[in-house]
Amino acid sequence: MPEGDTVWQAARRLDDALAGKVLTRSDLRVPRFATADLTGRAVLDVTARGKHLLTRIEGGLTLHSHLRMDGSWKVYGNGQRWSGGPGHQIRAILGNTDRTAVGYRLPVLELLRTADEHRAVGHLGPDLLGPDWDPDQALANILRDPARELGEALLDQRNLAGIGNVYKSELCFLLGVTPWLPAGALPADRAEKLPALAKKLLEANRDRPIRSTTGRRGQDLFVYGRAPRPCLRCRTSIRVADQGDGSRERPTYWCPTCQPGPAPAITRRRRPD
């Protein structure tokens, strides 16, 4: 799933391709907005808000999209072959005289007034990569429900925006606790470090083509996607289990030695990613 750093990169690519240029092609392939025509309007900017993308368009309009698990925006030059997937998966096309942005498999795509952007993103907590970042508020949000599992609290975009399954697992490893630890049981010294550590990880990766939390070439992540390989620190086999109510796929990785504490009794078999 794309996380805050990936969405930030997508926003930058779209902004580079579209901002300041007039649209010569517009095609929104969702029933509600299929008749909307944005041609002749200039794109003002494209910005990320957590895992959401906001494409602001002349005339007080914003195209809001969310990638979720499989969505993506691809940018192509004139005459370049589109390669993001079959045509029936295309949900949006925005083009100018130089380049074309194509949105594939977008589960969320809506056109709204820029003044109403709060309807799409107003529920989000402080954005780890945004100008509204507030570490104190983010930590207060996480600790608001002390009985909630830390991993679930980190994934809740109302607490802080930008963390997904990868950073959830990596953050908990670096903090030395399991994702199933109640948020209120997080030792005070580690709770104090959490916001700055989360921001550091996302900021370090927003300009990288390959995400890394370890600083080691070829060993990019400490735990995520590594079950049942040995922990990079202690050589214990990394474990994986699902976290949450089962309504979404949320594979969670941890080292039972480096991250002592509560964990599910049932883990799942998984080959290394």
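User: Hi, new to this one. Is Cys-231 buried or exposed?

Analyst: Cys-231 is buried, at 0% relative accessibility. Buried here means under 20% relative accessible area, exposed means over 50%, and partly exposed is anything in between (1.4 Å probe, protein chains only).

User: What kind of model is this?

Analyst: A predicted one: local features need pLDDT of at least 70, side-chain atom pairs count only at pLDDT 80 or more, and totals for chains, interfaces and linings use all residues. Residues are numbered from 1 along each chain as its sequence is written, and side-chain values use heavy atoms, with hydrogens and water left out.

User: OK, back to the cysteines. How many disulfides are there?

Analyst: Zero in this structure. A disulfide would be a pair of cysteine sulfur atoms within 2.5 Å. The closest cysteine sulfur to that of Cys-231 belongs to Cys-258, and at 3.8 Å it's too far for a bond. Cys-234 isn't in a disulfide either, with the sulfur of Cys-255 as its nearest, 3.5 Å away.

User: And is Cys-234 buried or partly exposed?

Analyst: Partly exposed, with a relative accessible area of 28%.

User: Which residue follows α5?

Analyst: Gly-176, and its phi is positive, near 75°.

User: What about the largest nonpolar core, how many residues does it have?

Analyst: The largest nonpolar core has 26 residues, and Leu-53, Leu-63 and Trp-73 have the most contacts inside it. A nonpolar core is a set of buried Ala, Val, Leu, Ile, Met, Phe, Trp, Tyr and Cys residues joined through side-chain atoms within 4.5 Å. The elements giving two or more residues to this core are α1, β2 (43-49), β3 (52-57), β4 (61-66), β6 (90-95) and β8 (108-113).

User: Which one gives the most?

Analyst: That's α1, with six residues in this core.

User: What does Leu-63 touch?

Analyst: Leaving out residues up to four places away in sequence, Leu-63 touches a set that includes Leu-28, Leu-53, Ile-57, Trp-73, Leu-94 and Leu-109. Contact means heavy atoms within 4.5 Å. There's also a second, separate core of 24 residues, which includes Ala-153, Leu-154, Leu-181 and Leu-202.

User: Now the strands. What order does the open sheet of four strands have?

Analyst: The order is β2-β3-β4-β8, with antiparallel pairing. Two strands pair if DSSP finds at least two bridges between them. At the edges are β2 and β8, each pairing on one side only. From one strand to the next, the twist averages 20°.

User: How many bridges join β2 to β3?

Analyst: Six, and the two strands run antiparallel. Val-43, for instance, has Ile-57 in β3 as its bridge partner. As for helix packing, α1 sits on the sheet, touching β2 and β3, and its direction makes about 175° with that of β2. Axes are lines fitted to C-alpha atoms, for helices over the stretch in contact, and angles run from 0 to 180 degrees between N-to-C directions.

User: How many aromatic pairs are there in the whole structure?

Analyst: A search finds four. Tyr-76 and Trp-82 make a stacked one, 6.1 Å centre to centre with 20° between the planes. Rings of Phe, Tyr and Trp (its six-membered ring) pair if their centres lie within 6.5 Å; planes under 30 degrees apart are stacked, over 60 edge-to-face, and the rest tilted. Tyr-76 is buried at 4% relative accessibility, whereas Trp-82 is partly exposed at 29%.

User: Why is the pair of Tyr-224 and Tyr-253 edge-to-face?

Analyst: Because their planes are at 65°, with the ring centres 4.8 Å apart. This pair links distant parts of the chain, 29 residues apart: Tyr-224 is in the loop between α6 and β9 (239-242), and Tyr-253 is in strand β10. Tyr-224 is buried at 18% relative accessible area, and Tyr-253 is buried at 0%.
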